[in-house]
Amino acid sequence: MIGLQILIDGFAISSLYGVAAVGFTLMFGVCGVLNLAHGGIMVIAGLIGWWAAVNHSAGPYGGAVIGILAGLIASYVTYFAVVRPLQKSRAIPPEEQEIFILTGTLLWGIMIQVGLDYLFTNNPVTMQALIPGVMHIFGVRTPRNEGLIAVVCWAAIGALYLLVNKTPVGKQLLAASINPRGLTLLGFELSHIYLIVWTVYGLLAGLAGVLLATFFGVSSANAGSLTASAFTIVILGGLGSVPGSLIAAYVVGYAETITAYLIAPTLRPIPALLILVIALYIRPQGILGRR
Amino acid sequence: MRTPTGYALALVAVAIGLSAPFWLGNYWLGILTVAFYFSVFAMSWDLLFGFAGEVNFGPTFLIGLGAYSAGLMNNAGLGIPLCLVGGALTAIVGGVLLALPALRLRGPYFGLVTLVAVLLLLDAIVIFAGITGGEIGMMVPSVLSVSAVTNYWYALGFLVISAIILFFLSRSSLGLILQATGQDRIEAAALGFNVTKFKLAAFCISALFSGLAGAMVTFYQGTASVDQMVDLSIAVQIIIAVVFGGRRTILGGILGALFLILFQQLLLPLGQLNTFIVSGIALLVIILFPDGVLGYALRLMERRT
């Protein structure tokens, strides 16, 4: 019985982790940017969604839409105010650009966290479930919302798959991840492609933040740990590999759920860290990493 | 920086530091004491980041190891000098542990390992709360001194000695070779330098000073606490201090740490927004002046000559 419960709960959590990590890995694969403000953007989406739903009678669905838009705007601000200036700066030598973007987004993530703390306090808030009620899967009582989260997450991942593999825009993204200079020579404007990636990223992070708010609840204090878990998943899966990230999301999601149910809920974050350290020593490029 | 003007400025700075107890109250001396220890954290981080090119997100792993092992030894009945040595040695072991992945992993991968090291140390401290005091912190029976002025002298002496050693190490051939390995590891190896040996040395030196500083802070405050020595926010502040002061300058870390700690004092009435503003200023500095304050000043001086 508890086995089934773990299976079902773990699936919903892992799908959520998957959506949160896929945007992060896409960003690294195409733009070469590791965005350490990732958790902050997710929390913005969750908190704004909750705020709109509760204080402005937008209802759960309106709140969700507003939350996702907030995530998109936060993503654009991150790009135009932090990442773009650092990429364009002439005073930063190219080999150090990565370090500067890491430091810059880290600082930006702290500003987001502290700013949200000031505006909303760090009390965790939970958005109203999008579908109320419970259902029974093989005799296990499961909130309907959990099922909805899994479905929405997989729909988002499916849409991303179609976008990348079946549309001309997706072909440009793939090309940019393989050889940006070649793409520029073919007459494509690289900054347009980056903007598309940041749009897709903002929507995915916003969606993940809103769903997280309806599931566990979010608070400004989560920003750091959300970034760390996305980072863990992405490294475990192989930087830049979308399927690898999905597999890793399930490994981490289930490892956490099993620990929470069978050992102690407080030890929840530990197995992911241990798996990660072991993986980094044995196979630093991750499950499906390219290099 | 190794010019007559540079030395003169350094001497003036030390003289101002020496005279401070005669014209500053105990409250501000206490703040400066904290800032001085923080400067050592920043300088030892700069040795790894600016010179060896390693993005170490976990300086607090080394600091925390030094602080907590010194505290544990003190609780077991050992005297302060032995505990300081013990704390530094434990931190060096931690430094070697961090250096092992650093020899295999690049950039973001290594950064993540260091981040995980801090998170694991935090978890270990909380899980073994029985002996470490968990999130509340661990009291130690001995303190360096109860007088603010004496504590200030200890901190100032420690800072000046560390700064001299680290600065001249960074300007020696060791510093040059580290820069070379940080920028192009293969070429450095092709020139005949044993990259592994130099990286390991950088980690050990950085760990020695971080651990020693962590242990000193423990005996200054009478507690080893997660909030002030291990938490990731401290690691972030160290990074801000170095980048603000100027990476690859060692002494810039002191400027950054003084700025950070004094500015936070001035902004104290703002409460939570304090961190927001300090991070914002640091972000502006890295976007507009990526070389930091000292780096920018040095560049201006170069241009004039």
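These legends walk you through several views of a predicted model.

**View 1. Chain A as a whole.** Chain A is built from 11 helices and 2 strands. If you follow the sequence, the elements come in the pattern α-α-α-α-β-β-α-α-α-α-α-α-α. The radius of gyration of chain A is 19 Å, close to the 19 Å given by the globule rule for 291 residues, so chain A is as compact as a globular protein of that length. Its C-alpha trace spans about 60 × 45 × 35 Å along the principal axes.

**View 2. Burial and contacts in chain A.** Of the 291 residues in chain A, 48% are buried. Now look at contacts between residues at least 6 apart in the sequence of chain A: 73% of them join residues at least 24 apart.

**View 3. The hairpin of chain A.** Here you meet strand 1 (residues 134-137) and strand 2 (residues 140-143) of chain A, which pair in the antiparallel sense over 4 bridges. The two strands form a hairpin, with 2 residues between them. One bridge to look for joins A:Ile137 to its partner A:Val140 in strand 2. In the turn, A:Phe138 has a positive phi of about 50 degrees.

**View 4. Helix 2 of chain B.** We now move to chain B, where helix 2 has 26 residues. From its first C-alpha to its last, helix 2 of chain B reaches 37 Å, close to the 38 Å expected at 1.5 Å a residue. Just after helix 2 of chain B comes B:Gly53, which takes a positive phi of about 70 degrees.

**View 5. Helix 7 of chain B and its neighbours.** Helix 7 of chain B covers residues 148-171, 24 residues in total. Its reach from first C-alpha to last is 34 Å, close to the 34 Å expected at 1.5 Å a residue. Buried residues in helix 7 of chain B include B:Tyr152, B:Ala155, B:Leu159, B:Ser162 and B:Leu166. An α-helix has 3.6 residues a turn, so residues three or four places apart point the same way. Which helices do the buried residues of helix 7 of chain B pack against? They pack against helix 1 (4-23), helix 2 (26-51), helix 8 (173-183), helix 10 (195-221) and helix 13 (252-266) of chain B.

Conventions
Residues are numbered from 1 along each chain as its sequence is written. Chains are lettered from A and ligands numbered from 1 in the order in which they are written. This is a predicted model: local features need pLDDT of at least 70, side-chain atom pairs count only at pLDDT 80 or more; totals for chains, interfaces and linings use all residues. The radius of gyration is taken over C-alpha atoms; the globule rule is 2.2 Å times the number of residues to the power 0.38. A residue is buried if 20 or more other C-beta atoms lie within 10 Å of its own, exposed if 12 or fewer, and partly exposed in between; C-beta atoms are placed from the backbone. Two residues are in contact if their C-beta atoms, placed from the backbone, lie within 7 Å. The expected span of a helix is 1.5 Å times one less than its number of residues. Two strands pair if DSSP finds at least two bridges between them.
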